Amino acid sequence: MESALDGRGSVRYGPPVPEPGLPVVPGLAAVLAEAADRPHAEPPGGGRALLESARRYWARRGLAADAALTAAAPGAPALLLALTAATGGDVLLPRPCPAWWAPQARLLGRPTYSVPSPAACGGVPDPYALLETVRRVRAEGGDPRLLVLAVADDPTGTVVPAEVMSRAVEAAAAEGLHVVSDETWRDTVHRPEETPVVGPAEMLPDGVTVICDLSGGWLPPGWPAAVVRFPDTVAGARLRARCLDILTALDAALATPVAVAAAHALDEPPELTARLAHATALHGRLATALHTTLHSAGALVRPPQAGRHLYADLSPFAPALAARGVTDALELENDLTARLRMPAPGGHRFGDDLAGLRVRLSTGALLGDDERVRAALLTGAPDPLQAAPVRRALDRVAEVLGALGASPAGAQEATP
């Protein structure tokens, strides 16, 4: 019998979008419901109210924005597709990177080149490796023009330190690359007082386009909406115009109820900001507990700083995994997804080497299926780490990895 995955290609099949595991904010649901009787879609690129809300959102973060240099679409993939098409040339990506970045270039037939991330974090390429890659690609007849990076990274859950971001941006500018900064997870830093976020647009205003998918924290994943800020230059205005042409051709317009909800979210009403703060704190505690469990068992994993993900390197378990017939990331994904009873997409989904034994794990999967328990955990009572579904999930991770027989004494922090 043919399975649901037979015939799927590398573009169409990717890991599931990590769910937050939390109910929709009642006030946000009410805003969307009130606009449900509006039958017309937003104009391509978004309507005035939404773009003004986006402008104010960025201004509150110290990034001046003109509404005439912003745009919106039903999700960040549509925006990145438009930007890739409008910019032309080849695309450079850090390794690993979000699973949805590379497919946009592949759909357009554009070559992509992965550049390893530095030891400190994911989200950006190592600057020296970036310079070497650009020069090699050009020497081979390629045309690198676009670099995509993230200030707070999926899949690694790390935040890029300002000095690391600065060196990467300087390298991109030196080679004439246009930078797209994915800031989807910017507002989900677990300890913002300890982990400042500095975006590349603050360092190179004329050479950076910023995109933000609101599913990172402000809207449920099922309400697709994203915004983009273009550089305040003649070239930036031209890039926006070209992107609007492409979004129009794709009919990539926001449904009006979703646009109204997105504008409401971008204005950061107290109810929504309080929910985001509680949700971020909850996922931060879960991420720290999952990191401790993985690290104690012998896995190599960077400490999580933002979002709802961790990226674990299980190479210390290679002999035991090989005995189970697991020798690459795809086999590891299949094995761990079944044994952990939670999604464990392999590193190959994120542009990493297929031969590497790396997976992304998400904190939302620790919360279980009971909506009442999930809602109660937002208040911090009971202690989330003592809640039955969380405890069971963490114990299962410890049990599965413990059965592989890696020595905790050999565990250490390392770059996955």
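A residue is called buried when its relative accessible area is under 20%, exposed when that area is over 50%, and partly exposed in between, with a 1.4 Å probe and protein chains only. The structure is a predicted model, in which local features need pLDDT of at least 70 and side-chain atom pairs count only at pLDDT 80 or more, whereas totals for chains, interfaces and linings use all residues. Residues are numbered from 1 along each chain as its sequence is written, and side-chain values use heavy atoms, with hydrogens and water left out.

The chain contains 13 helices and 10 strands, these being DSSP runs numbered from the N terminus (helices H or I, at least four residues; strands E, at least two). Its radius of gyration, taken over C-alpha atoms, is 21 Å, close to the 22 Å that the globule rule (2.2 Å times the number of residues to the power 0.38) gives for 416 residues, so the chain is as compact as a globular protein of that length. Along the principal axes, the C-alpha atoms fill a box of roughly 60 × 55 × 50 Å. Of the 416 residues, 55% count as buried, and among contacts (heavy atoms within 4.5 Å) between residues at least 6 apart in sequence, 73% join residues at least 24 apart.

Thr84, which lies in helix H3 (residues 76-87), is one example of a buried residue, with a relative accessible area of 3%. When neighbours within four places in sequence are left aside, Thr84 is in contact with Val91, Ala105, Leu108, Arg110 and Leu146.
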